[in-house]
Amino acid sequence: MNLLPVLATGLFAGGVSCAAVQGGLLTGLITRQRAAESATAVTTSEQTSRATAGTASAGWAARLGDDLAPVMGFLAGKLLSHTLLGALLGALGAAVQLSAGVRSWLQICAGLLIVVFGLAQLGVPGFRSIVVEPPQSWMRLVRRRSRSRSALAPAVLGLVTVLIPCGVTLSVEALALASGSAFWGAAIMAVFVLGTGPLFALLGYAARVAATVWRGRLALATGLAVLAMGLITLNGGLELAGSPWAASRIAQAAGLTTSAADATATAVSDGVQTVVVTVRPGAYSPRNVQAKAGLPTILVLNSENAKGCIRSLVIPSRGIEKTLPVRGETRVELGVLDPGRLDYTCGMGMYSGVITVV
């Protein structure tokens, strides 16, 4: 599965879209903790002399550690809760044994949802008023956690932010559900939260004035990143559904597909046609294979260290779904082929291939 769009969405959109609530809570918590430390601090003449005579570099390092500790605790708690949620969502998708058709519609809906939030972030008329807010009871619970002055308060706050997802987070959760895998559901949410890390550190901990300035400047980049992820997710669902509106189909109809059909991967023996495709991380090779019409055909998939969603093969028009091994051979009976094209894709519609039948 390609997690780069998820990472980019977290990096550019996650912090900004959720900072109005979560970043403000984190900033308020740090401010109260610092105020409490200042009120209870006792400065002796001996300590003063040590500070003036002593180690400026060590003092700077200590201050940096103190500054980063609350943010790191917050992000660690957020990472833990969201990763567990992703695993549960993925396991739920796997437990109900979603068919390729249901997964494709789930992914299409998730993509459309992300596109809507991207357009709202960009301020497109008709979308700018769309805001997803959690129930007020959840907000009150999180605010109570933010008033705590204990050492673990930032981590606890990060844990309970799973109760107040922003719109972008909800769309990523839908993608985790559509993955149909506890592992990939957890990976999707974990990568998303990791992507929010740098921006949350800036917006959640830095001065409110700086955060306000940057938030305005990042609005356009955020909206574009969310919109891009939405389009990629939407196209994956369309590819999985075998839709003529998928990017690969549109490119072919427009004559933009440059790769010619490869006839060397096809062999005929005793009236049976064999089509051989190599499955590697991130690609089916050759992506376009030429085959002959009117012959019983076997698709042979040679897995070479195949990883991620590319191991889940779906042939929408034939209703065929296969889970491929990391290494080894898988044979799929395709029956007699008619002239045209036979498309196949990975389980998330991220990677695809085609058999051109002539």
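Contact here means heavy atoms within 4.5 Å. The model is predicted: local features need pLDDT of at least 70, side-chain atom pairs count only at pLDDT 80 or more, and totals for chains, interfaces and linings use all residues. Residues are numbered from 1 along each chain as its sequence is written, and side-chain values use heavy atoms, with hydrogens and water left out.

Start with glutamate 239. This residue sits in helix 9, residues 208–241 (helices are DSSP runs of H or I, at least four residues, numbered from the N terminus). Leaving aside neighbours within four places in sequence, glutamate 239 contacts Ala246, Ala247, Ser248, Pro316, Thr345, Gly349 and Ser352. Glutamate 239 is buried (under 20% relative accessible area, 1.4 Å probe, protein chains only). It has no salt bridge (a side-chain nitrogen of Lys or Arg within 4 Å of a carboxyl oxygen of Asp or Glu). The nearest side chain of opposite charge is arginine 287, 5.5 Å away.

Now the cores. A nonpolar core is a set of buried Ala, Val, Leu, Ile, Met, Phe, Trp, Tyr and Cys residues joined through side-chain atoms within 4.5 Å. The largest has 42 residues, and Tyr284, Leu299, Leu334 and Ile355 have the most contacts inside it. Helix 8, residues 182–205, gives the most to this core, with 7 residues. Another core, of 6 residues, lies apart from it and includes Val71, Phe74, Leu157 and Val160.

Last, alanine 91, in helix 3, residues 56–95. Beyond four places in sequence, alanine 91 touches Ser181 and Ala182.

Notes:
Buried < 20%, exposed > 50% of the residue type's maximum accessible area, 1.4 Å probe, protein only. Helix = DSSP H or I, 4+ residues; strand = E, 2+ residues; numbered from the N terminus. Lys, Arg positive; Asp, Glu negative; His and termini not counted.
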